[in-house]
Amino acid sequence: MKYDLTEIKVKAGEEVTLTLKNAGTMAKEAMGHNFVLLAQGADVAAFATEAMANKASDYIPTGSKAILVHTKLLGPGESDTITFTVPAGEYEFICSFPGHYGMMRGKVIAE
Ligand SMILES: [Cu+2]
């Protein structure tokens, strides 16, 4: 239960393509994973708590201002590709599946 990268360096202002693949074998309901990139200054713990209450939308609180971009919630062997562009700075990312963000988190560093 971890990302293979915990620090992702990107170029500020340039489009980034990111693919998340769930290399696990457990069912999505028990061990789904996603990648949620949070706005600068977002309260990670508060966001994760809010996300936990949003099972119906795969733990993505719809309309949350804390979310810059996110992948789908992935089951074993599934993958999803997203693109995003961010200004220079550091951005935290987490997996918003309940109980995962303590282990599954990292930073996107744009420079
Ligand atoms: Cu996860």
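Q: In which numbering are the UniProt positions given?
A: UniProt positions follow the numbering used here, feature names are shortened, and annotations may be inferred rather than shown by experiment. The UniProt record, an unreviewed entry, lists residues 1-109 as "domain: Blue (type 1) copper". This is a predicted model, where local features need pLDDT of at least 70, side-chain atom pairs need pLDDT 80 or more, and totals for chains, interfaces and linings use all residues. Residues are numbered from 1 along each chain as its sequence is written, and side-chain values use heavy atoms, without hydrogens and water.

Q: How many helices and strands does the protein chain have, and in what order?
A: The protein chain has two helices and seven strands. Read from the N terminus, the order is β-β-α-β-α-β-β-β-β.

Q: Why does the radius of gyration of the protein chain agree with a compact globule?
A: The globule rule is 2.2 Å times the number of residues to the power 0.38, with the radius taken over C-alpha atoms. For 111 residues a compact globule would be near 13 Å; the protein chain has 13 Å, so the two agree. Along its principal axes, the C-alpha trace spans about 35 × 25 × 20 Å.

Q: What share of the residues is buried, and what share of the contacts joins residues 24 or more positions apart?
A: Buried is under 20% relative accessible area, exposed is over 50%, and partly exposed lies in between (1.4 Å probe, protein chains only). Of the 111 residues, 41% are buried. A contact needs heavy atoms within 4.5 Å. Among contacts with a separation of 6 or more, 73% come from residues 24 or more positions apart.

Q: How much of the accessible surface belongs to carbon and sulfur atoms?
A: Carbon and sulfur atoms hold 52% of a total of about 6,100 Å². The areas come from the Shrake-Rupley method with a 1.4 Å probe; for residues, only the protein chains shown count as cover.

Q: What makes a set of residues a nonpolar core?
A: The residues must be buried Ala, Val, Leu, Ile, Met, Phe, Trp, Tyr or Cys, joined through side-chain atoms within 4.5 Å. The largest such core has 22 residues, and Phe-35, Leu-37, Phe-84 and Val-108 have the most contacts inside it. Elements giving two or more residues to this core are β1 (7-10), β2 (16-21), β5 (79-84), β6 (89-94) and β7 (105-110). Strand β2 gives the most, three residues. A second, separate core has ten residues, among them Val-36, Ala-48, Ala-51 and Ile-94.

Q: Which residues does Leu-37 contact, beyond its neighbours within four places in sequence?
A: Its contacts include Ala-66, Leu-68, Phe-84, Tyr-91, Phe-93 and Val-108.

Q: Why is the pair Lys-107 and Glu-90 called a salt bridge?
A: The rule asks for a side-chain nitrogen of Lys or Arg within 4 Å of a carboxyl oxygen of Asp or Glu. The closest N and O atoms of Lys-107 and Glu-90 are 3.3 Å apart, so the pair meets the rule. Lys-107 lies in strand β7 and Glu-90 in strand β6, 17 residues apart. Lys-107 has a relative accessible area of 34%, so it is partly exposed. Glu-90, at 42%, is also partly exposed.

Q: How many salt bridges does the rule give, and what is the N to O distance between Arg-105 and Glu-92?
A: The count is two. Arg-105 and Glu-92 form a salt bridge at 3.2 Å, N to O. This pair also links β7, which holds Arg-105, to β6, which holds Glu-92, across 13 residues. Arg-105 is partly exposed at 30%, and Glu-92 is partly exposed at 27%.

Q: Is Ser-64 buried or exposed?
A: Its relative accessibility is 16%, under the 20% limit, so Ser-64 counts as buried. Ser-64 sits in the loop between α2 (44-52) and β4 (67-70). Leaving aside neighbours within four places, Ser-64 contacts Phe-47 and Glu-50.

Q: Why do Ala-46 and Met-52 count as partly exposed?
A: Ala-46 has 43% relative accessible area and Met-52 has 41%, so each falls between 20% and 50%. Ala-46 is in helix α2, and Met-52 is in helix α2. From Ala-66, Ala-46 is 20 residues away in sequence and 9.9 Å away, C-alpha to C-alpha. Met-52 is 14 residues and 14 Å from Ala-66, C-alpha to C-alpha. Beyond neighbours within four places, Met-52 contacts Tyr-59 and Pro-98.

Key. Helices (H or I, at least four residues) and strands (E, at least two) are DSSP runs, numbered from the N terminus.
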